[in-house]
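Subject: Structure handover

Hello,

Here is the structure I promised to pass on. Please open it first, then read the notes below.

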Amino acid sequence: MALKDIFDTVGTIAGGVSDVAGAYAPFAQLSSGIKAAGQQKAAGIYQAGLYELQAIDTLALADVRAEQTERTATIQAGRRLIAAKMQARNYQMQGNTVLRNMRATNAAIRARAAASGISIGSGSAYDLQGLNTRDAMFDLGISDYNALTAKVFGFEDASTMYLQGIRQGLYDKYAAKTQANELRTAADFSKKSGGLISNAQLVNTGINFLTKANDVFKPITDLKNIT
């Protein structure tokens, strides 16, 4: 074999090797496309996981807030009932004071009448006792009414406080549940969209590779024929 032929053969082989090296580029693109598709799918799953964690935290925080709201409402309602009972007791004490003053005044009227030789069962002494008793009973009735009113209003206020706390807790839980559902919907969308984008990337990568399939394998075939 002449030296020229040897060099021509070597040059042909080198060109074939160069073509094979150039043919590697589509394989690299295929590998890169598959990797990018996997990363896209993983990113969607990761984002969905973050949404799910946020939904769980939202529900847990709502439960804590609702429990705290109900507890605060219970304490406030209890305090209002205690205040109402104390107020009613004060009115009752006022009524007892009115009765004691009435008895003391009537006793004084009878004592003065007896000392003056006046009958305590008739006349001015009797009339004064009647007036004093009537006024005292009127004042006693007002005290009893005020005591009853304090108890009723106290119970109504306490009930309102407690029910408001319960309703607020339920509202917080409902709002948290709604938000959690929205987050989970977003998580499902993120996961599905990541999968769709990943699949689309895989399809495009495969199509691009297949369109270049003949060009990819031609240098290898030519090199084999040369050798």
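A residue is called buried when its relative accessible area is under 20%, exposed when it is over 50%, and partly exposed in between (1.4 Å probe, protein chains only). By that rule, buried residues make up 22% of the 227 residues in the chain.

Two notes on sources. This is a predicted model, so local features need pLDDT of at least 70 and side-chain atom pairs count only at pLDDT 80 or more, while totals for chains, interfaces and linings use all residues. Residues are numbered from 1 along each chain as its sequence is written, and side-chain values use heavy atoms, with hydrogens and water left out.

**Overall layout**

The chain has 3 helices and 0 strands. Along the sequence the pattern reads α-α-α. Helices (H or I, at least four residues) and strands (E, at least two) are DSSP runs, numbered from the N terminus. Helix α1 covers residues 3–115. Helix α2 covers 123–211.

Contact here means heavy atoms within 4.5 Å. Take the contacts between residues at least 6 apart in sequence: 90% of them join residues at least 24 apart.

The chain exposes about 15600 Å², and carbon and sulfur atoms supply 61% of that area. Accessible areas come from the Shrake-Rupley method with a 1.4 Å probe; for residues, only the protein chains shown count as cover.

**The core**

A nonpolar core is a set of buried Ala, Val, Leu, Ile, Met, Phe, Trp, Tyr and Cys residues joined through side-chain atoms within 4.5 Å. The largest one has 5 residues: V98, L99, M102, A136 and L140. Helices α1 and α2 are the elements that give two or more residues to this core. The most come from α1, with 3 residues. As background, nonpolar side chains in soluble globular proteins tend to be buried together.

Look at M102. Not counting residues up to four places away in sequence, M102 touches N132, T133, A136 and M137.

I109 is also worth a look. It sits in helix α1. I109 is buried, because its relative accessible area is 8%. Leaving aside neighbours within four places in sequence, I109 is in contact with A125, L128 and Q129. I109 and S124 are 15 residues apart in sequence, and their C-alpha atoms are 9.6 Å apart in space.

**Salt bridges**

A salt bridge is a side-chain nitrogen of Lys or Arg within 4 Å of a carboxyl oxygen of Asp or Glu. The structure holds 4 of them. Here are notes on some.

- R184 pairs with E52, and their closest N and O atoms are 3.2 Å apart. R184 lies in α2 and E52 in α1, so this pair ties together parts that are 132 residues apart in sequence. R184 is partly exposed, at 33% relative accessible area. E52 is partly exposed too, at 30%.
- R80 and D157 meet in a salt bridge at 3.0 Å, N to O. R80 is in α1 and D157 in α2, so the pair ties together parts that are 77 residues apart in sequence. R80 counts as partly exposed at 21% relative accessibility, and D157 does at 32%.
- E67 and R71 meet in a salt bridge at 2.9 Å, N to O. Both lie in α1, 4 residues apart, about one turn of the helix. E67 is partly exposed at 45%, and R71 is partly exposed at 43%.

**A charge without a partner**

Which side chain of opposite charge is nearest to D172? It is R65, 6.4 Å away. D172 is buried yet has no salt bridge. For charge, Lys and Arg count as positive and Asp and Glu as negative; His and the chain ends are not counted. D172 is found in helix α2. Leaving aside neighbours within four places in sequence, D172 is in contact with A62 and T69.

**A surface patch**

Patches are made of residues with over 30% relative accessible area and no salt bridge; like charges are joined within 9 Å, and nonpolar side chains (Val, Leu, Ile, Met, Phe, Trp, Tyr) within 5 Å. Y46, L50, L53 and I56 make a nonpolar surface patch of about 410 Å². One of these, I56, lies in helix α1. I56 counts as partly exposed, because its relative accessibility is 42%.

Best wishes
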